[in-house]
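Please read the points in order.

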Amino acid sequence: MLRDAKDLTALRERLRTQEQLPECCIRVCAGTGCRAAGGYETFEEFTRLAEPGVVEVRMTGCMGLCEKGPVVTIEPDHIFYQKVHAADARKVLDLTASRGVVVRGLQVEDPLSGEAARTKEEVRFYGKQRQLLLSLCGRVDPTSIEDFIKEGGYDALAKALTQMTPEQVIEEMKTAGLRGRGGAGFPAGVKWESGRRTPGTEKYVIANGDEGDPGAFMDRSIMEGDPHSVLEGMIICAYAVGDVRQGYIYVREEYPLAVRHLEMAIEQARDLGLLGDDILGSGFHFDIEIRRGAGAFVCGESTALMYSIEGLRGMPRVTPPRSVEAGLFGKPTVMNNVETLANVGWIISRGAEWFREIGTEGSPGTKVFALTGKVRNTGLIEVPMGITMREVVEDIGGGVLGGGRFKAVQVGGPSGGCVPEEHLDLLLDFDSLDEVGAMMGSGGLVVMDEHDCMVDVARYFLSFTQVESCGKCPPCRIGSFEMLEILNRLTEGQGRPGDIEALEEIGARVQETSLCGLGQSAPNPVLSTIRHFREEYEAHVNGGYCPAGVCRGLGRYSIRDEECILCGLCRDACAFGAVVEGRRSFHIDNTTCTGCRACIPACPVDCIDVHPAVEEVMSR
C-alpha cells in the first residue's frame, strides 16, 4: 500500500533497480488484431521454448501494424518481425535471439522500394508517427501495474495531488488546449472547469469507451494496451472537478479483452492505494467501476450513455440541462473520451507548453487514427495534429493498395464525411476538416480508390446510422429513412429527377432539427459526397449508370478489343451466357447481361468497361 507520493517514488526506484535485464527480450503483440491472427499462441510458444533468465518473453498491447500481425520486437537490437506464428518461435529463438541472425522471411518489406526493414524505426509505417498514447502499448505488459509505474506511470497523479490545487490542474488543461478526442473537439479544460463550478456535493466522472464506428479501434487498443493511463487521467479529472468519489468506464460488450485488462488494472490500483480512500495520503477519495454497454451505437452519445449506466434504455434527452449540471443520476457529471483521458498524464507531468509544441495552434497534441480501406498498410497510427492527408495515405499507409488511383478518404466514421483527391494536402485537424464538410469524429480513416462508388459508400454509412437511430425524434427516424430509400433506388438504377435535391434538402433538415449528435451528423456522408462527387449522383439519376461499376444492374458492359487476350475467364465467370467469343476478342451481349459484374474481377488485364445505359448520359 502506497501511503504517499514518496512511497510511489521509492517503489519506482526499487522496481528499476531490481529489474534484471536478460540477454534478450521478445515482445509479442497480443492485442485483439494480432490475437485474431494467432498472436497469443505465438506468445505461449515463445514462453514455452525460451530459456529462463536468458530470454524474457513479454505480452504487450497493440503495436499498430495490424495488417502484418502477429508482430514481434526483439531487444536489444530492436529487430521488428511481421506475421510471426507459433511455428516460427523456435526458428526466431535459435537464429535471432541466440545468434543475432535476422530471419528474412519475417521482415517487413517497404511497399514502395521493396527493401526489407531490420528495425521498427526502418519500417515506413512508423516513420512520420509521433507516438505518445501508444508509446507504452508495444512495450509494457498491460496486465502489470509494475511495468506502468517503472515507465513513470502515476507520476502525474502524484504531482497533481501534492503539488497542484484543483484550480491549477484545470488551468494547466485549459492552457494545453486539449480538445475532446471523441469527435466533438470541445476543450477538456473548459468542461472540467464547468464541472467544478457547478454546485453539488456528489458528482461523477465518466470515461466514454463506447467506440461504435465501423472499422474504428483506437479506444479499444488504448484500453487493452495501456489501461492505467486511462485510470490515471480519470483520477486527475475527479480531483480537479471536486466532490467526486465515484467514476465509471463505459465499455461496449464487444470488447472483452479491454474489459478484462481494465478490471485487472482497477484491482491493482486499489491494492496499491491508487484508488479508494485517501489516495497517496492526500485526503482525496475516489473509486472506479466498469459498466458494459450492449453495443447500441447511440449510447456513444453522452446522455444516452448515462441512461444506460442507470439501467435504462439508452436514448438521448433534450439539453439543457447539460451533463455538467444534471447528468448521471441527476448529478453533475463530467464525461470524456478514453483517448482524451489518456492525454492527461502527459500534460500534467510534462506541462501544457510542451504539449502545445505538438500539433497546430487550434488542435494541439496528437491523434490516434484507425487506417483502413484500400491502402497497403492498415492499422493503428498516432500522428501529430496538422499532418496532411497525403502523408498519412502515401507515407504511412504506403499508398493505395494494388497501385490504384486514390479517390477519397472517409473521415470520422458513419457520421463523418468524404475528403476527395483535390484536398489530399488538407491538414488533419478539427478546423480544416470542418471546412471541407468532414469531421474528425473518433478517428476512423477509410481510404477508397477509383473502384469505389461514392453513392454506394454514402448508402452504406447511412444504412448504419439509420439502423442505429434510437427513433426518439422524427427528424432522425423519418428523415434518415427517406434518404436511405432514395439512395437504395439510385444504386438499383431507379433514380428520378430531383432525387439529388431531395437528399440535400432532407439532409439539411435532419442536421438542423435532430435531437442528438447522431441525427445531426447522420447526413454527413451523403451531403459530403454530393458536394465533392455530384457527377456520380447525376450519372445514377440520369442514366442508370455507375461510373465505378459497383452498383449491379446499372449501365452497359463492353470489352476493349485491343486489350482482350482471349483467355475466356470472363466467359467462364458469367452465369448467364452474356459473354460471347468473337474472332479477335470476346464481347458482351447487353440484352442478356444482368449486370452482375462477375466478369470484371475475373478479367486478368482489366479490359472490361461500364458505360451509360442511355443516350442522354452517353452524349455528355
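1. In this predicted model, L274 touches L2, I145, Y154, L157, I235, A269, I279 and L280, leaving aside residues up to four places away in sequence. L274 is also listed among the residues with the most contacts inside the largest nonpolar core, together with Y154, V169, W192, I236 and F286. That core has 80 residues.

2. Helix 10, residues 227-241, gives the most to this core, contributing ten residues. A second core of 37 residues is separate and includes V375, I387, L424 and V447.

3. Two packed helices are described by the angle between their axes and the distance between the axes. For helix 7 (residues 166-176) and helix 10, the axes come within 7 Å and cross at roughly 120°. The two helices are therefore oblique to each other, and helix 7 passes helix 10 in a left-handed crossing.

4. On the helix 7 side, this contact is made by P166, V169 and I170; on the helix 10 side, by I236, Y239 and A240. By class, the contact has six nonpolar residues, no polar and no charged ones.

5. Helix 9 (residues 218-225) also packs with helix 10, at an angle of about 95° and with the axes 5 Å apart. Helix 9 is therefore roughly perpendicular to helix 10.

6. Which residues of helix 9 and helix 10 meet? I222, M223, E224 and G225 of helix 9 meet P227, S229 and V230 of helix 10. This contact divides into four nonpolar, two polar and one charged residues.

Definitions and conventions
Residues numbered from 1 in each chain as written. Predicted model: local features only at pLDDT ≥ 70, side-chain atom pairs only at ≥ 80, totals over all residues. Heavy atoms only, no water. Core = buried A, V, L, I, M, F, W, Y, C linked by side-chain atoms within 4.5 Å. Buried < 20%, exposed > 50% of the residue type's maximum accessible area, 1.4 Å probe, protein only. Helix = DSSP H or I, 4+ residues; strand = E, 2+ residues; numbered from the N terminus. Contact = heavy atoms within 4.5 Å. Axes fitted to C-alpha atoms, helices over the stretch in contact; angles between N-to-C directions. Parallel < 35°, antiparallel > 145°, perpendicular 65-115°, else oblique. Left-handed = near helix turned anticlockwise from the far one by under 90°. Nonpolar A, V, L, I, M, F, W, Y, C, P; charged D, E, K, R; others polar.
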